[in-house]
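Dear colleague,

I am handing over the structure we spoke about, with the sequence and coordinates shown just below. Please look through them before reading my notes.

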Amino acid sequence: MVKDTKVVSFINYKGGVGKTTLAVEISASLAKNGKDVLLIDLDPQTNATFYLMDEEDWNDWQKNKGSLKDLFEAFMDGKVFDINKAIKKDLICSKYIPKLHLLPSHLELLFIDLELASKFGAKGMKSKSILRSALSKIKENYDYIIFDCPPNLNLVTQNSIVASDGIIIVAMPEYLSTIGIALIDRAIKNIEKEINDEIKSFGVAGTFKGPEIKGILFNRVRYVTGGTGYQEEVMERVRVDWSHLVFNAYVSQSDRIAQRGEGKIPIAISGYAADKKYESQLRECAEEFLRRV
Amino acid sequence: MTQEFRTIHEIGDALIQLGKALKKMPNISSDETEPLKPKKQVKQLLTPEELSKFASEIRNLSREEVEKKLLELKFEELKYIAKFHKISVGKNKNKSELIRKVLYNIFDYHAGHNLLRKFTSDTPEK
């Protein structure tokens, strides 16, 4: 049966909102529910990678099998890169969720943006469609491909936007975090225009349609339901502008979720009684993700 | 002092004590003949129905119109408007700060948001 693969980027300009946590945890939830999921860590901070792998394992893997950095470098050098080889399928959590795979990031992905821009220019399709092209070879293996994006809109992130069908904006209920929503919306439209202008200049028929914002998911929420504290004030503002996009589900502020990265077992599958509240919130987020994407 | 006189005297003392106690109570006049002072009437600028209507239609008005109306409202009325729109009030009873918050949440935040969504740097072509 041919899979109708959905490619989704978890994005926000603002760092520290919990993009990685939610990208990993929702991926784990989907895999727990029988979906084939590929999580791609685009962030040179490598947080999603180390959420699921330990450092020694990653070091061996990136030396012998490769990482996302090698994919971009191969493209720039005009070489072939076997993306399948670089995808890690036996994670520490694989005994619980064998259907979750990971394409690890690399600390030196930081420099790729500059190299891509200097080689191909910052504008135009060539520097932005590398991931889209690479994924076309493996898409059929997965129900969902999820990008954990870095907190910027540089070329590597723009690659994920061009490759994606949908965007999930992760936000905290605070003012600076919600500025990112407007900026991402603008960025998608700009990339779409840029690529379509280029297509038109080549005299080629057809247009590029950028990804849709599929949802705005609030994370690290503290307010008590029904209250009118500052967090609820911020969430209400966003609902006024983006009413149909704001997730009904949200994830509470929690140290327990933050601790999970050390154990390499996502809270979505941990099974600990103390994690139940967050497991349940993440499950609701994953269920709503399925409805929206 | 006769027993009768002593009893009247005691009754008198009791009445004096009662009078003193009554004087201390609110809304009791020290002079029997003095009418009770009426309670200070709080001037309501808007009826509850008008306040509710204003709150629900506020987004359809211009920022200038809303600011003018908000300046006329009492703090409790402003609080109602804020809570209607899920704007946090806090403990500080600062009327001008609450007006700023209402205007920010209803108008300024969204204007800024839309500016960023549509922003382009109009660089003239070389």
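What follows is a description of what was found in the structure, taken topic by topic.

Please keep in mind throughout that this is a predicted model, and that every value below is computed from it.

I begin with a pair of helices in chain A. Helix α6, residues 112–120 of chain A, packs against helix α8, residues 155–163 of chain A, at an angle of about 80° and with the two axes 8 Å apart. That angle makes α6(A) roughly perpendicular to α8(A). On the side of α6(A) the contact involves I112(A), D113(A), L116(A) and A117(A), and these meet L155(A), V156(A) and N159(A) in α8(A).

With its neighbours within four places in sequence left aside, F72(A) is in contact with L109(A), I112(A), L116(A), I130(A), L131(A), V156(A) and N159(A). In the pair F72(A) and I112(A), the residues are 40 positions apart in sequence, and their C-alpha atoms are 7.3 Å apart in space. F72(A) counts as buried, because its relative accessibility is 0%, and the cut-off for that label is under 20%.

A second pair of helices in chain A has another geometry to report. Helix α9, residues 175–201 of chain A, and helix α10, residues 230–241 of chain A, pack at an angle of about 10°, with their axes 10 Å apart. The two helices α9(A) and α10(A) are therefore roughly parallel to each other, given that angles under 35 degrees are counted in that way. Here Y175(A), T178(A) and I181(A) in α9(A) meet Y230(A), V234(A), R237(A) and V238(A) in α10(A). The residues of the contact of α9(A) with α10(A) divide into five nonpolar, one polar and one charged.

As for the cysteines, how many disulfides does a search of the whole structure find? Over all chains, the search finds zero. For C149(A), the closest cysteine sulfur is that of C285(A), and because the two sulfurs are 18 Å apart they are too far from each other for a bond, the limit for a disulfide being within 2.5 Å. C285(A) is likewise in no disulfide, with the sulfur of C149(A) as its nearest cysteine sulfur. C149(A) counts as buried, at 1% relative accessibility, and C285(A) also counts as buried, at 0%.

Turning to chain B, its secondary structure comes to five helices and zero strands, so that, read from the N terminus on, its elements run α-α-α-α-α, given how helices and strands are assigned. Of the 126 residues of chain B, 22% count as buried. Among the contacts in chain B with a separation of 6 or more, 52% are accounted for by residues 24 or more positions apart.

Lastly, there is the interface, in which 15 residues of chain B are in contact with 20 residues of chain A. The area buried between chain B and chain A is about 1700 Å², and carbon and sulfur atoms give 53% of that area. On the side of chain B, K86(B), Y109(B) and R117(B) lose the most area to chain A, and together they make up 37% of what that side buries.

With best regards

Definitions and conventions:
Residues are numbered from 1 along each chain as its sequence is written. Chains are lettered from A and ligands numbered from 1 in the order in which they are written. This is a predicted model: local features need pLDDT of at least 70, side-chain atom pairs count only at pLDDT 80 or more; totals for chains, interfaces and linings use all residues. Side-chain values use heavy atoms; hydrogens and water are left out. Buried means under 20% relative accessible area, exposed over 50%, partly exposed in between (1.4 Å probe, protein chains only). Axes are lines fitted to C-alpha atoms, for helices over the stretch in contact, and angles run from 0 to 180 degrees between N-to-C directions. Helices (H or I, at least four residues) and strands (E, at least two) are DSSP runs, numbered from the N terminus. Angles under 35 degrees count as roughly parallel, over 145 as roughly antiparallel, 65 to 115 as roughly perpendicular and the rest as oblique. Contact means heavy atoms within 4.5 Å. Buried area is the accessible area (1.4 Å probe) that two parts lose on being put together, summed over both. Ala, Val, Leu, Ile, Met, Phe, Trp, Tyr, Cys and Pro count as nonpolar, Asp, Glu, Lys and Arg as charged, and the others, Gly among them, as polar.
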